[in-house]
Amino acid sequence: MMFATTMRVGPIGFRIGSDWSAPIAGLEALYRDYQKPDDGIPHFTVRLEATRFWRRFIRPSVQIAGDHTLPEALPLPLAQAVLAAEMAMNLQMALGQRHFLLLHASSVERDGKVIILTGESGSGKSTLAALLGEAGWRLLGDEFALIEPATGLAWPFPRPISLKNDSIAVMEAQVGAERFGIRICGTPKGDIRHLIPNVTALKGMDTPAQPALILFPRFGAPRAVRDVQPSEVFIRLTQASTNYVALAEPGYTALTRLVTQTSARAIDYPDTASGLALVEQLWAELA
Amino acid sequence: MACVLTPLDSLTAVYHRRSGTTHLLAEPLPEILATLGAAPAAIPALAERLAMEYGLAMNAETTALLSQRLADLEAIGLVWPL
């Protein structure tokens, strides 16, 4: 690769190569405060490649390549290369992660205890985690929760938060411009703008903590709270995990321990303010 | 043990080590599995052991039910006839 950079997000190191300099510059801006991979050895390599040689120059479009790829992945325009890199990094984790039970979830920590928020895209888990991360909680991650099989601890994976559409303005109202990436318009997911996690999240990215509460948020519905039984949590988390089957028995052990030792609630909330209030209320009830 | 059983609530998670598959079973399947895990048994002996350990009534209805539940467990590859 002509251009390259590396970074470490929590316990995971990445190497990103690119046919163009601009995506690397964009990534180095987003990851300017992150450490490099331990001993210089990344876990995963991602490559942002031109679909054809001349496509480096003419209507440049980015094909994702790397250790793990999906055959049907469509190329993105060069202007969306940072998003392509993020998608490729997610893909490495989703398909290649072997050390942690991976849950598609956001997570935050306070007083040494973690809330895991999991749900479909659009459930508001990213936005809630981003807001909690600015309101006295430590953001562990907005995309993946990493459960360590040997200990049951949740490890941070605080990559830049991928804000979408309406949540961009919500966070712009809270956080200074210096922590934002450029706004990427017209992506397959709408508009995207990355938010760099705050100092607490970045300084704490090597500190795991014990899961204490699992939430299944649903945005846009009247306020409601429902207890979720362990067997339902188990099923939903196997669906939220990309590597439960690949991890075999350590995955089973990690997941059953998480499910039997952690309270779980499904929460419906009409707007982010009531969602935040609900999270704080459930947290207070847990104490 | 060929299987790891983890009671969750009314359902029990079962990890089958050889195949790496996970099952969620409702009673009395985990109880049957645990009992057979200790030693293979024919239905009458199995019914006797379940009666001792779990207070299962010993009658024709129990035998018929056990036969059906063993067929369920056989269908998912967790028990098989010897």
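1. A word on the ground rules. This is a predicted model, in which local features need pLDDT of at least 70, side-chain atom pairs count only at pLDDT 80 or more, and totals for chains, interfaces and linings use all residues. Residues are numbered from 1 along each chain as its sequence is written, while chains are lettered from A and ligands numbered from 1 in the order in which they are written.

2. Chain B holds three helices and three strands, where helices (H or I, at least four residues) and strands (E, at least two) are DSSP runs numbered from the N terminus. Along the sequence their order is β-β-β-α-α-α.

3. On overall dimensions, a compact globule of 82 residues would have a radius of gyration near 12 Å, and chain B agrees with 12 Å; the radius is taken over C-alpha atoms, and the globule rule is 2.2 Å times the number of residues to the power 0.38. The C-alpha trace of chain B spans about 35 × 30 × 20 Å along its principal axes.

4. Of the 82 residues in chain B, 22% are buried (20 or more other C-beta atoms within 10 Å of the residue's own, with C-beta atoms placed from the backbone). Among contacts in chain B with a separation of 6 or more, 32% join residues 24 or more positions apart; a contact needs C-beta atoms, placed from the backbone, within 7 Å.

5. Now to the place where the chains meet: 10 residues of chain A are in contact with 11 residues of chain B. On the chain A side, α6 (230–240) and α8 (249–261) each supply at least two residues, and α8(A) gives the largest share, five residues. That side divides into five nonpolar, four polar and one charged (Ala, Val, Leu, Ile, Met, Phe, Trp, Tyr, Cys and Pro count as nonpolar, Asp, Glu, Lys and Arg as charged, and the others, Gly among them, as polar).

6. Do look at α3 of chain A, residues 125–133: nine of its nine residues are buried, so this helix is largely enclosed by the rest of the structure. Lys125(A) is one of the buried residues, and so are Ser126(A) and Thr127(A).

7. Back in chain B, α2 (residues 43–54) and α3 (residues 60–75) pack at about 110° with axes 10 Å apart. The two helices are therefore roughly perpendicular (65 to 115 degrees). Ile43(B), Leu46(B) and Ala47(B) of α2(B) meet Thr62(B), Thr63(B), Leu66(B) and Ser67(B) of α3(B). These contact residues divide into four nonpolar, three polar and no charged.

Technical notes. Buried ≥ 20, exposed ≤ 12 C-beta atoms within 10 Å, placed from the backbone. Contact = placed C-beta atoms within 7 Å. Axes fitted to C-alpha atoms, helices over the stretch in contact; angles between N-to-C directions. Parallel < 35°, antiparallel > 145°, perpendicular 65-115°, else oblique.
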